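Hi,

Here is the structure I promised to pass on.

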Amino acid sequence: MGEVGCAREEVRRARYAVAAVFAVHGAVTGSFATRVPWIREHASLSAGQLGFALAFGAFGASCAMPLAGWISHRFGSRTALRGLLALWTLSLVLPSLAPNLYTLCLAIFAYGASAGMSDVAMNALGVEVERLLGRSIMSGLHGMWSAGALTGSAAGTLAAHLGTDARLHFVLASAVLTVLGLVACTWVLDLQPAADEEPPPRFTLPPRSALLIGTVGFCAVFAEGASLDWSAVFLRDRLDSSAGVAAACTTGFMLTMAVARIAGDAVVNRFGAIRTVRTGGILAALGGVLIVLAGHPAPAMGGFALMGLGIAVVVPLCFAAAGHAGPNPSQAIAGVATITYTSGLVAPSLIGGVAQATSLVVSFCVVTALACGLAVFAGVLRTAGRVGRPEFSRPAGAVPGPRP
C-alpha cells in the first residue's frame, strides 16, 4: 500500500474513532437527562430552582468553549480530546452529589464547561477528517451523538424504573463511558501545530464568519429546543391527548432527527449544503404550519416529525462551515457553538413566556418563522461544501498520525 493509501486508511480509522467519540459524548447527555427528577428530589428543589440550576450548564459551556482551541494547540488534538472527553464523562457524577441549590449550580457549571470544551474539540477533529476525506461526514457524526444520547437515555430509564440511586448509576455509567472514550481516542487524528505557529488566544470574540453561521444554527437549535421541551405539552394542553401519545410525539421527534442525521451526509454530498439546508428550512416551516393549524394529535405529530427532519442536519453543517471558513477551526467552531448553546438556553423559556402572554399556538408561530429563516440565510453555509481531497488538503503545519 502506497503512502496515499496508508493516509486514506488512517483517515478512515479516524472517522470511525471520532464517530465513537460523538456517541460517547451523547450518551453522557442522555444519561443525565433521565435522572433530572432524582437530582431535583435529592437537592430538594422547586421547579423554578431546578430551571435556574440547569441554566448554569449552558453558562459554563459558553465560558469554557473558547479554551478548547488553546488546549488543542498546547497538547495536540489527540491528547486534548482524550483529556477533555474524560473530564466530560467523569463530570457526569457531580450533579448527583449536590445536596442543595448552590452546590448543584456549581456542579452543573463544571458539567457544562467540560461538555462545551469536549464538544468543540471533537467537532474540530470531525471537520479535519471531513476535509481529508473530501466529502460530508458531519451530519453522520451528529447522528452518532443522537444515537448515543438515545442509548444513554434508555439505560437511564431502566435505572430509574428499577429505583437505582442516581449516584450509583452515574458512577457506573461514567466509568464505562470513560473507558470507551479513552479507547476511541486512540485512533483519532493527532494534529500538531507547526513549530513557529502562534497559539490561539485563550479567550476571544468569535470571528464575523462564525457570527453569520451561528445565526443559522441559532434558528435550528431554537426550533429543536422548543420542540423537545414543548411538543408533549402542546399535545396535552392544546389537543387534549393522552400522556402516552404526548410522550410518543417527543420520542418520535428525537428518532426522526437521529435517523435524518445519520442519512444526511448522503443528501449533502449529492445536493450540497446550501440546497440541503434550504430544503430543510422549507420542510421545517411546513411542519410548523401543521403544528399551528392542527386540531387533532395526528397532524401535530406529523408536523413535529417534519420539524425534526428539516432541522436535523443544520447544526452539523454549521460546525462544518465554521471549521472550513478560516485558519483556526476550533476558534470558529467555539463561536458557533456558543451561539447555538445560547439558543438552546433561551428557546424553552421564551416559548413559555410567549405562551403565558398569548398561547402555545403563537409560540410555535415564532418557531415557524425561524424555520423560514433557515431557507433565507442558508447561503452563509457556502464554505461547508468546500472540502478538499486527502492528498491535497493537509492542514498547514499539522500532520495526522501517531505522535513520536
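Below is what I found, going from the whole protein down to single residues.

Before the details, a word on ground rules: this is a predicted model, in which local features need pLDDT of at least 70 and side-chain atom pairs count only at pLDDT 80 or more, while totals for chains, interfaces and linings use all residues. Residues are numbered from 1 along each chain as its sequence is written, and side-chain values use heavy atoms, with hydrogens and water left out.

The big picture

The protein has 16 helices and zero strands; both are DSSP runs numbered from the N terminus, with helices being H or I of at least four residues and strands E of at least two. Of its 404 residues, 53% are buried. By that I mean under 20% relative accessible area, with exposed being over 50% and partly exposed in between (1.4 Å probe, protein chains only). Take the contacts (heavy atoms within 4.5 Å) with a separation of 6 or more: 86% of them join residues 24 or more positions apart. Areas are Shrake-Rupley values with a 1.4 Å probe, and for residues only the protein chains shown count as cover.

Helix H12

H12 covers residues 273-293, and its 21 residues reach 30 Å from first C-alpha to last, close to the 30 Å expected at 1.5 Å a residue. (The expected span is 1.5 Å times one less than the number of residues.) Its buried residues include Ile274, Val277, Gly281 and Ile291. Looking down the axis, the buried residues of H12 fall within an arc of 170°, so they line one face of the helix; the arc is taken from the directions from the helix axis to the C-beta atoms. On the face turned away from that buried side you'll find Arg275 and Leu293, which are exposed.

Leucine 374

This one sits in helix H16 (residues 360-377) and is buried, at 1% relative accessibility. Which residues does leucine 374 contact, leaving aside its neighbours within four places in sequence? They are Val216, Cys219, Ala220, Val277, Gly281, Ile311 and Val314, and two of these names, Val277 and Gly281, are among the buried residues of H12.

Salt bridges

There are four of them, a salt bridge being a side-chain nitrogen of Lys or Arg within 4 Å of a carboxyl oxygen of Asp or Glu.

- Glutamate 224 pairs with arginine 261 at 3.9 Å, N to O. The pair links distant parts of the chain, with glutamate 224 in helix H10 and arginine 261 in helix H11 (residues 243-271), 37 residues apart. Glutamate 224 is buried at 18%, and arginine 261 is buried at 5%.
- Glutamate 9 pairs with arginine 12, the closest N and O atoms being 3.5 Å apart. They are three residues apart in helix H1 (residues 3-34), so about one helical turn separates them.
- Aspartate 165 pairs with arginine 167, with closest N and O atoms 2.8 Å apart. Aspartate 165 is partly exposed at 27%, as is arginine 167 at 34%.

On the surface

Val179, Val183 and Trp187 make a nonpolar patch of about 300 Å². Patches use residues with over 30% relative accessible area and no salt bridge, joining like charges within 9 Å and nonpolar side chains (Val, Leu, Ile, Met, Phe, Trp, Tyr) within 5 Å. Tryptophan 187 lies in the loop between helix H9 (166-185) and helix H10 (208-238) and is partly exposed, at 47% relative accessibility.

Cheers
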